[in-house]
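Subject: Handing over the structure, with notes on what was found

Dear colleague,

Please find below the structure that I am passing on to you. My notes on it follow directly after.

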Amino acid sequence: MEDEEHYRGGWELNSKGKLQLKAGNKLNKVGLGKIFYNPNMPELDDYYEPWTYDYQTLFGPEKKHQPVARAKSQITGQTMTLTTGPNWDDDLAGSPEYVKQDPNMDKIETDIKTNFEQAFMMYLPRLCEHCLNAPCVASCPSGAMYKRDEDGIVLVDQERCRGWRMCMTGCPYKKVYFNWKTNKAEKCTFCYPRIEEGEPTVCAETCVGRIRYIGVMLYDADRVESAAETPDQSKLYEAQLDLFLDPNDPKIIEQALADGISEEMIECAQRSPIYRMAVKEKIAFPLHPEYRTMPMVWYIPPLSPIMNYFEGRDSINNPDMIFPGIDEMRVPVDYLASLLTGGNVPAIKSALYKLAMMRLYMRAKTSGRDFETAKLARVGLTENTATSLYRLLAIAKYEDRFVIPKSHKEKVEDAQSEQGTLGYDECKGCSLAPQHGSMFKKAEAGESTNQIYAESFYGGIWRD
Amino acid sequence: MADFGSILLWVIFPYAMMLSFIFGTIVRFVWFRAGITAVSSEMLEKRKLMIGSLVFHVGIILAFFGHVLGILIPKSWTEFFGISNEMYHLFGSLMMGTGAGLLALAGMMILTYRRFTNARVFVTSSWTDLVVDVALLITIILGLASTLSGPLFPKFDYRETLSVWARQLFYLSPNWHLMSGVPVIYKLHVICGFLIFGFFPYTRLVHALTLPWQYIFRRYIVYRRKPKAD
Amino acid sequence: MSFESITAQPAEAIPTPIFSSAKHDGDRYSPFTVNIDRLVPFRTLTGRQQFYLDHEIFQEYGEMLANYKPTLPPQVMAPGDTTVKRDDHELALRYMTPHGKWNIHTMYYDNLEMLTLFRGGPNVWLSPIDADKAGIKDNDWLEIYNRNGVVTARAVVSHRMPAGSMYMYHAQDMEIQEPLANITGNRGGSHNAPTQIHIKPTQMVGGYGQLSYGFNYYGPIGNQRDLYVAVRKLKKVNWNED
Ligand code: HEM
Ligand code: SF4
Ligand code: SF4
């Protein structure tokens, strides 16, 4: 369960109003023994003990009863009673117990939380936020974690990681993992080799819902710290918004060029779908800004819990009813505000109004009904922007979703020799070799690379 | 023959172990950096580790400085500062040494017990992890026994024999005769100690060489930059 | 398609010409595109999409158009069935077997990844209101039975479920993590153990336009799910692996 009062990830302001890691200051870690034992680290059982099944027993000799494959620990091999796992609470499973543990639900009355009639839910795909003010980087005593200057991707240097595990607990989104075979930290790499080539990450490319967008944001790195020190946590969202620079402003362009940012990068920033959604339309929000991490994966709040509620209620005759609907549906709106804006409810509401208005407009347009276009101005839209926003969100063309400049690495290093350096040579038992063995066999058997590619490379992921 | 045995034990063996330490450390840090880690098992078990690891590390680090003081600082220096021999043995060796030793011992007992009895920790241990724990446990017991046995050998002053020999190792002219009068228990402790030195860089123990003290002086966010394209 | 290719990853097979997707250039299967894009008449009596059925048996039952029929009365066991000793806290719940989230239709998904993604073995969903009545807590073992069969599964208690109903998602393997049922002393069955097909007279119609039986094309609709089960805690969890 995400509860950073317990696991102490992220930042807080100290008595002087300065940023400090929630887990304690630097001295307290290296000097005062936290390095020998990290008190905030979750145990295996807080995640789950990986298991497997003894499938082989299903092929045993004949017996009185049907055979059964039981769960065995992948660590000890002992038979396990399963009590937790990833997605254990999927689709509100076990809600009477787990809803209580959700800190985002704290302020919502209990009877509403677990009432069938009021049930709402949404999926929140979470990945590393590649934060501007990344506490994982700040926590790492070895300096093994770093943010790339050229694209902001946060990585773990496997050569320098010594397994002190401060990053795991320092990240409030709990997105650094401990590889119990290499005993080092690992995390999302934002598929940097693909990004360098101007291609989207695999998760974004393969998202069947087409909900993931990737684009360039220009920001003022020198102001990050002071923005993260904004005292009022419901103002942090706006403070971060304030860091982003307008890529069409001639002064900004001039400064960017002077700082060595490529024209291609600037041009991509101008077409950035993220800039459009986050800064121009203000329909996207950072996840838990109150952690003061300045996260860089932003979320558009879902309209669906409200739409579901509303569509049963005369929505066809009276589509405008959705606006009071948004105000009435306090529970999902408060919940979203606690997830996405540090409690700034008006910001969430205005995004929902805007999305709802766009929807009403497009519905009227495609079904040939009248629509009083003056209404669009109420939420800051025009006919043009409503249509193009609709295209960006609903049609979601590949070229609109991903506007990524190439890094032109070949100019700074020998791309030929870098090619294929996986960086996992020393890992015992976790190399890709077992999975890729069949590919090597195919190559030895004389199949051409084209054949192997056609058979094994699908949608950007190796499969064999 | 007796001489040969002494030379082997008190000249060849220590140098072999020291060379092994230096060689292993260089190899590990130059070619196998990616494998250097503290090999944490905290994820598998927390409670015993908390007490064991904290107590052991505090104890062993104190004990390390104790050794530096006791062996590397000549008797004449402490006497120069007006510390009498009795005072030194009573306060320095017996009290502080024993204190540190007991901490390290208690911690290591917990850690070794944990390593062998907790199923998750045991199956994920490499054989060197097991050896390291047992070897440290034995060495710490022998070291404590040596300190505590001090009063049994009133005529023996290690600072006039053992320590002198140890310092001579650094000047490359060890006088192995100095070791002949040393009680067996001390000898065993020394041998185990050098063994640990010998395998130090090839095991999890390398982590002790990587204390990230620079962290305290560093700014929080680390940026890395590729050389810029023109 | 080869054995190798189907073991490597799922592959689609369109075995009969009755399937109606105008697949080309790697498009996904999309029903009726043949009829819309290529203007091939629908396989109905009229050649158009048809909702009204003018067959006399349908007329007799008043089912020419889709209409609402109430469920059958709750019945778990019938006179003449083997007697099962009832439990004081037993519930009678409507039993439904919807398609799962991670699998399509009856595709089994009991591989390690999929099972790890949820509760690692057979499970049934019920509402907190019913769970409280029977003293059931999340992840308890349950025994679910009616006159057709017995299932053992773990409870998933969720306010997503309305009171009075139970879900057991389709196609959970009965040889993985399934203990013996106390009632039969045998291993519990799959999601389909308590279900039974009810044949309706309208399903006997054949050889009439689209009402011609073909495998997986036209057959009895899924009214075998219209039934109730008794639900109680599994008293003894016995694996009996020998
Ligand atoms: C220089 C400062 C040192 C630091 C920062 C340090 C840190 C650590 C850490 C983080 C662990 C892993 C605990 C876990 O499982 O999570 C560990 C384990 C261990 N350390 Fe150190 N250590 C240091 C010095 C030493 C020294 C000098 C020795 C002995 C010569 C030593 C011996 C050990 C042993 C034997 C273990 C494994 C204990 C077990 O789990 O069985 N360490 N240390
Ligand atoms: S979300 Fe990513 S960048 Fe941010 S703290 Fe966590 S691991 Fe670091
Ligand atoms: S693929 Fe896309 S839509 Fe589907 S779960 Fe992932 S993020 Fe959501």
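With which residue does B:R224 form a salt bridge, and how far apart are the closest N and O atoms? In this predicted model, the partner of B:R224 is A:D157, and the closest N and O atoms of the pair lie 3.0 Å apart. The rule finds 6 salt bridges across the interface of chain B and chain A, and it also finds 26 residue pairs in polar contact there, counting pairs in which both residues are at pLDDT 80 or more.

On the chain B side, three elements each supply at least two of the residues that touch chain A, namely α2 (47–72), α5 (119–124) and β1 (223–224). Of the elements of chain B, α2(B) gives the most to that side, with 6 residues. Sorted by class, the side of chain B that touches chain A has 25 nonpolar, 8 polar and 11 charged residues.

Within β1(B), B:R224 is the bridge partner of A:R148.

As to the extent of the interface, the contact takes 44 residues from chain B and 63 residues from chain A. The size of an interface is often given as the accessible area lost when the parts come together. Here chain B and chain A bury about 4,900 Å² between them, with 60% of that area on carbon and sulfur atoms. Within chain B, the residues that lose the most area to chain A are B:M43, B:Y220 and B:R224, which together account for 17% of what that side buries.

Chain B itself has 8 helices and 1 strand, and along the sequence these follow the pattern α-α-α-α-α-α-α-α-β. Its C-alpha atoms fill a box of roughly 70 × 50 × 45 Å, taken along the principal axes.

A separate point concerns ligand 3, around which the residues are A:P125, A:C207, A:V208, A:G209, A:I211 and A:R212. By class, the shell around ligand 3 has 4 nonpolar, 1 polar and 1 charged residues.

With best regards

How values were computed. Residues numbered from 1 in each chain as written. Chains lettered and ligands numbered in written order. Predicted model: local features only at pLDDT ≥ 70, side-chain atom pairs only at ≥ 80, totals over all residues. Heavy atoms only, no water. Contact = heavy atoms within 4.5 Å. Buried area = accessible area lost by both parts, 1.4 Å probe. Salt bridge = Lys/Arg side-chain N within 4 Å of Asp/Glu carboxyl O. Polar contact = N/O pair within 3.5 Å; in protein donor to acceptor, adjacent residues only side chain to side chain. Helix = DSSP H or I, 4+ residues; strand = E, 2+ residues; numbered from the N terminus. Nonpolar A, V, L, I, M, F, W, Y, C, P; charged D, E, K, R; others polar. Pairing = 2+ DSSP bridges. Near = heavy atom within 4 Å.
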